[in-house]
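Me: I would like to learn how to read contacts, salt bridges and strand pairing in a protein model. Please take me through one.

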Amino acid sequence: MSLSLSSVSVTLSARRVVNNVSLEIAQGRVVALLGPNGAGKTSLMRAALGLLPFEGRASLDGADPRKLSDRERALRAAYLPQRPQSIWPVSVETLVALGRFAHGAAPDRLKPRDQAAVDAALEACALNAMRARRMDELSGGEKARAHLARALAQQAPLLILDEPTAGLDPAQALAVADILRAHALTGAVLFSTHDVALAARVADAIVLMRDGSVVAQGAPREALTPQTLRDAYGREGRLQDVDGDVAFIFR
Amino acid sequence: MSGSVRASFALVVFSVAALTAALWLGPVALDPFAQDAATRTIVWEIRFPRALTAWIVGAALGLSGAALQGLLRNPLADSGVLGLSGFAALGAVIAFAFGFAFLAPLMAIAFAGIAALVVTTLGWRARGPASLALIGVGLSSFAGGLIALALNLAPNPGALADLVNWTLGSVEGRSLDEAMLAGALLVAGAVLILFAARGLQALTLGEEAAAAIGANLGHTRALVILGAAACTGGATAVGGIIGFVGVAAPHLVRAIAGHDPARLLIPSALAGGALLVCADIVVRLLPTDTELKLGVAAALIGGPVFALIAARLASRGGDS
C-alpha cells in the first residue's frame, strides 16, 4: 500500500486551503500531519481520499482516488473523520461492524471473516467488555475508541485518521499510538494531531503545515526544529529527550 | 431472536388482531363470520376494504417515515412533516379538479417525488432536526396554498366540497380496488427502500464517514426518494393527507427494535399499519353526528406526540 500526493491544492469557497502539497507514504510507514488549527490538515486528508475535489496528482495504491468507486476506495483506505458521529445510539458492536460495509457485510449478518475483523478491532481498542453498550452511554474517550475500532475493522491497508487522540487521556493516547504502529506492520498510516510529542514519538515522518502549505517535512527531529515550529505555530518550541522518550515544550 | 424480528412478529399479530377487530366493531358490532347477506355485505364489502386501506396507508406512511428519518438522520422526518403528503395531495387535487381523476395516483406520486427531491436537497445539510422540520413546514404551507389555488381555479366547482373533504384524510368508503392500488405502490416503494437499507445503516456514521466506508450515498438517496414518493403518493391518492403516522411509528418501535435504521423499516411499516387501523376504529366508534376524519384524528393525536419528541430532542441538545 502506498499513498502519493503530488502538488495537491484544494480550493474551498474561493479560498485555497491546501497549497501545492506533495507527500509519499510507503508501506510500513506512519506519517503525522501537524500544524495549527486551520492549517489545511483535514482538507489534505479528505483530498487524499477523493472526498474533496483537488488539483494535482494523487495515487492511492496506484489509482487516482477521484476515479475509484466508494467501495474500491474503502477497501484501500479507512478514514476516521475529526468529529466522528453516531447519529443513532446503536451498540458499540454494530457501529464497529459498519466498518465491514465495503466487504459486503451488514452488522447483523456477519460472516466469520467479518466477525473476526470486528472482534480484533474491539480487542485492539479495549472495547470487548462494552461491545453491547449503546453509543450514547459511553464517555468521550470510549466513543473515540469505538470510532477508531470501526476504522480498524475496515481492514484497509491505509489508515487516514483525523485527530484520533483528541479528547483521550495520556494513557489512551499512547495506546492509540501503539495501535498505529501495529497497523504499520502490514499497512500504512496518515494521521493528524496537535500532540507534537506523540507525533514525534510514533511517526516515521512529519508533515508540518501552516496556511495550507508545508512548512517542513521529514523525520521528526529534522522537521520539528525550533525554527520550523516557530514558522508553523508562531511560538518557540522544542523537542527534548527525557530518559529515552520525547517531550515537547512550548515557550 | 433480535429485537427487530421480535418487534415485527409482535406487530404482525397486533395488525391481524386490529384488522379482525375492525371487521367486528363499528356503530353496530357485527359477527364477521355471520351468514346473513346484510352482515356479510357490511363486513366484507364495506368494513374489510376500509380496514385494509387504513392498514396499507399506515404501513406506507410508517415505512416512508422510517426511511426518510434514516436518510436525513432526523427523528422528526416523515412524509407529512416534510411536505411529501401535501404535495402528493396537490398532484391528486389537480388531477381531480381538472377532470383527469384517473391520473390522480400518478400525479400524487410525481408530486410527492418532487417534494422529496426538494426537501432532501435542502435538508441534506440541515444543521438540526428543527431546521429540517422548518423546511418541511414551508413546503407543506406552500402545498396547502397551491391546493387552495387549484380548488379556486377548478373548472368544476360542484366537486369542491368533496375535494376539500378528501384532503382532510379518510379511508371511509374505500373499495378493494383502491386498497389494491395503494398496496401495489406500497410493495414497489418497499422494494426500493429495502434496497437502500444498507446505505441508511451506513449513514448512522454521518455523511462523510458513510461515504468513506464505501456507501454510495447518491444511490441511497435516489432509492429512498423514489420509494417514499411511491409509498406516500399511493397512500395520499387513496387516503388523502394523514400526518404524523410516519413520525410516531418509528418512534414507538425503537424501544423494542433498536435504533439501527435498516432494522427499523419493517417494524415501522407494521406499526404504522396497526396504528392507523386502530385510529380508524376509534373514529368509527366516536358517537359524533358527522364521522371524524381519520386525517383529523391522526393530527389530533400525532401533533402532540410530534411536539413531545421535538421537545425531548431539544432538551438533549439535539438541535445544536
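**Reading the model**

Reply: Start with a helix: D70(A) and R73(A) are three residues apart in helix 2 (residues 70-76) of chain A, so about one helical turn separates them. Keep in mind that this is a predicted model.

Me: What do D70(A) and R73(A) form, and how far apart are the closest N and O atoms?

Reply: The general idea is that side chains of opposite charge can pair when their charged atoms come close. Here D70(A) and R73(A) form a salt bridge, with the closest N and O atoms 3.0 Å apart.

Me: How many salt bridges does a search of the whole structure find?

Reply: Over all chains, the search gives 18 salt bridges. Across the interface of chain B and chain A, the rule finds two. One salt bridge between the chains joins E208(B) to R46(A), where the closest N and O atoms are 2.2 Å apart.

Me: Which elements of chain B give two or more residues to the side that touches chain A?

Reply: They are helix 2 (37-72), helix 8 (197-202) and helix 9 (207-212) of chain B. Helix 9 of chain B gives the most, with five residues. Sorted by class, the side of chain B that touches chain A holds 10 nonpolar, 10 polar and seven charged residues.

Me: How do I read the area buried between chain B and chain A?

Reply: The size of an interface is often given as the accessible area lost when the parts come together. For chain B and chain A the buried area is about 2,200 Å², and carbon and sulfur atoms give 63% of that. On the chain B side, R198(B), E208(B) and I213(B) lose the most area to chain A, together 28% of what that side buries.

Me: How many residues does the contact take from each chain, and how many residue pairs are in polar contact across the interface?

Reply: Chain B supplies 27 residues and chain A supplies 29 residues. Eight residue pairs are in polar contact across the interface of chain B and chain A, both residues being at pLDDT 80 or more.

Me: Into which domains is chain A divided?

Reply: Chain A has domain 1 (1-61 + 157-172 + 182-251) and domain 2 (83-155). Their C-alpha centres lie 26 Å apart.

Me: How do strand 10 and strand 11 of chain A run, parallel or antiparallel?

Reply: Strand 10 (residues 237-242) and strand 11 (residues 245-250) of chain A run antiparallel and are joined by six bridges. R238(A) stands opposite I249(A), and V242(A) stands opposite D245(A). The two strands form a hairpin with two residues between them, and D243(A) in the turn has a positive phi of about 50°.

How values were computed:
Residues are numbered from 1 along each chain as its sequence is written. Chains are lettered from A and ligands numbered from 1 in the order in which they are written. This is a predicted model: local features need pLDDT of at least 70, side-chain atom pairs count only at pLDDT 80 or more; totals for chains, interfaces and linings use all residues. Side-chain values use heavy atoms; hydrogens and water are left out. Contact means heavy atoms within 4.5 Å. Buried area is the accessible area (1.4 Å probe) that two parts lose on being put together, summed over both. A salt bridge is a side-chain nitrogen of Lys or Arg within 4 Å of a carboxyl oxygen of Asp or Glu. A polar contact is a pair of N or O atoms within 3.5 Å; within protein, one must be able to donate a hydrogen and the other to accept it, and residues adjacent in sequence count only if both atoms are side-chain atoms. Helices (H or I, at least four residues) and strands (E, at least two) are DSSP runs, numbered from the N terminus. Ala, Val, Leu, Ile, Met, Phe, Trp, Tyr, Cys and Pro count as nonpolar, Asp, Glu, Lys and Arg as charged, and the others, Gly among them, as polar. Domain bounds come from an automatic or database domain assignment. Two strands pair if DSSP finds at least two bridges between them.
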